[in-house]
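Here are a few exercises to work through with the model open beside you. Try each task before you read its solution.

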Amino acid sequence: MSKVIQKFSSPEKGWMLYDWANSGFSLIVVTAVLPLWLESVGHNINLSTAQTTSWWSYANSFSTLIVAFCSPILGALADFRGWKKPSWFIATVLGIVTTLSLALVPNDGFWLLLFLFLLANIGFSVANIYYDSFLTDITTPNKMPTVSSWGFALGYLGGVIPFILFYLVRGLMTTHQSIILAFILSGLWWALFSIPMLLTVKQRNAIPVPNNPLRQVFKRLSNTVKHLAKYPKIVGFLAAYFFYIDGVNTIITEASLFAVSLGIKMTELLTILLFVQLVAFPASIIFGRLTKFFTERFMILVGIGIYSIICLLSLFITQAWGFWIMAFLIGSAQGGIQAISRSYFGKIIPQEYSGEFFGFYNIFGKFSAVLGPLVFGGIAALTGSVQLGSGSLLIFFILGGWIFVKYA
């Protein structure tokens, strides 16, 4: 792997390592530790499991909506010369500081935990808007699929390493001490491996700073929305992306419920989670390499096809071994379809307005996290079958694939 990494430039390597840096937050804080710790802390102040789960969902949704509504404005501001790097840095520092601050909250500080998570998740998400848009600054269009894929791949590996460290050490201390360790480990990992991007990545594509930047941003965004007809390929891609990435995100977020319905225990579920991450690491790289032999359009359709198979298989899976197959397929396509989608979008947008357009990209990605869970949950509730709920997500991949072929 080191020989391959050496082929990348310093800005490319610094950029890719940021995915390695912040994935610990995503896996440790968002997925594995904070939701369970909040339930325990909620019980300490007489909140039921249903109440803590609801407030956790509200915090996730609220932070997502804030980022979704603000992302085009923040992205457009970052297109001004010299503004993108400081914007990324401020968002990253916000995420790191609030993540580390989680370790200082006592075991009855439910509302403070929730507030700090809200800020950390906003910092994480906003920093990723700028991170994605830097793709057009640090590499050439021909290398975008490879660099983007390596970013996702390193992200999967970078999330697993601190998680394994936490998992191995947690048995040597009390529950609260292990939680403190998890938050500190996640924050320090994020901070340490953000340094290469801070030192090596620079904004190359930019527009001059006007006298009234904010007014100019709203004028630009208004003109972009009014004249989207000038960019039919971009509009077609974003519409397709909205549907198929909704299916991808829903399968990722609802997979644990599917596993529980099969009777899979928590220990095995954590093992499967690690398995998915480890499969996703090489699979993301393979997706990127295959774009040298096939087009990016073709590889996106391959990803859509794999997820369509996952939906169909879920209708017939009734035992744990079937879920392992499903997990392997998720890992094989999860990073690849996201990485190639990002690089494909980076190629078709005006380079000097990358922040603005990746802001729109982020909106479609965020709002797509709403419809899929509603369909999954609604079908599962109406039929009493989680399998049918999962299978119903096939419609998102059919619609996304059709729009992509026809309009993107």
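**Exercise 1. Is F163 buried or exposed, and which ring does F163 pair with in a tilted aromatic pair?**

Start with accessibility. F163 has a relative accessibility of 2%, so it counts as buried (buried means under 20% relative accessible area, exposed over 50%, partly exposed in between, with a 1.4 Å probe and protein chains only). Before going on, a word on what you're looking at: this is a predicted model, where local features need pLDDT of at least 70 and side-chain atom pairs count only at pLDDT 80 or more, while totals for chains, interfaces and linings use all residues. Residues are numbered from 1 along each chain as its sequence is written, and side-chain values use heavy atoms, leaving out hydrogens and water.

Now for the rings. A pair of aromatic rings is described by the distance of the centres and the angle of the planes. Here's the rule: rings of Phe, Tyr and Trp (its six-membered ring) pair if their centres lie within 6.5 Å, and planes under 30 degrees apart count as stacked, over 60 as edge-to-face and the rest as tilted. Run that over the model and you get 26 aromatic pairs. One of them is F163 with F166, at 6.4 Å centre to centre and 50° between the planes, which makes it tilted.

Last step, the partner. F166 is buried too, at 8% relative accessibility.

**Exercise 2. Which residues of α14 does α7 touch, and what is the handedness of the crossing?**

Get the geometry first. The axes of α7 (residues 144–169) and α14 (residues 320–348) come within 8 Å and cross at roughly 145°. These axes are lines fitted to C-alpha atoms, for helices over the stretch in contact, and the angles run from 0 to 180 degrees between N-to-C directions.

Then the handedness: α7 passes α14 in a right-handed crossing (left-handed if the near helix is turned anticlockwise from the far one by less than a right angle, right-handed if clockwise).

Finally, the residues. From α7 come M144, P145, S148, S149, F152 and Y156; from α14 come Q334, G335, Q338, A339, I340, R342, S343, G346 and K347 (contact means heavy atoms within 4.5 Å). Sort this contact by class and you find six nonpolar, seven polar and two charged residues. For that sorting, Ala, Val, Leu, Ile, Met, Phe, Trp, Tyr, Cys and Pro count as nonpolar, Asp, Glu, Lys and Arg as charged, and the others, Gly among them, as polar.

**Exercise 3. How are α4 and α5 oriented to each other?**

Take the angle first: the axes of α4 (residues 84–101) and α5 (residues 110–133) cross at roughly 150° and come within 8 Å. That's why α4 and α5 are roughly antiparallel to each other (under 35 degrees is roughly parallel, over 145 roughly antiparallel, 65 to 115 roughly perpendicular and the rest oblique). The crossing of α4 and α5 is left-handed.

Next, who meets whom? On the α4 side, the list includes W88 and L94, and on the α5 side Y130 and Y131 are among the residues. The classes in this contact come out as ten nonpolar, eight polar and one charged.

**Exercise 4. Which residues of α13 and α17 make their contact?**

The axes of α13 and α17 (residues 394–407) come within 9 Å and cross at roughly 160°. The pair is therefore roughly antiparallel, and α13 passes α17 in a left-handed crossing. α13 brings R297, I300, L301, I304, Y307, S308, C311 and L312, and α17 brings L394, F397, G400, G401, F404 and V405. By class, that's ten nonpolar, three polar and one charged.

Now look at F404 again: ring pairs link F404 into a cluster with F237, Y241, Y244, Y344 and F345.

**Exercise 5. Where is N46, and is N46 buried or exposed?**

N46 is in the loop between α2 (10–44) and α3 (49–77). At a relative accessible area of 70%, N46 is exposed. Check its backbone as well: phi is positive, about 70°, although N46 isn't a glycine.

For contrast, go into α3 and find S63. With a relative accessible area of 1%, S63 is buried. Beyond its neighbours within four places in sequence, S63 is in contact with L118, N121 and I122.

Conventions:
Helix = DSSP H or I, 4+ residues; strand = E, 2+ residues; numbered from the N terminus.
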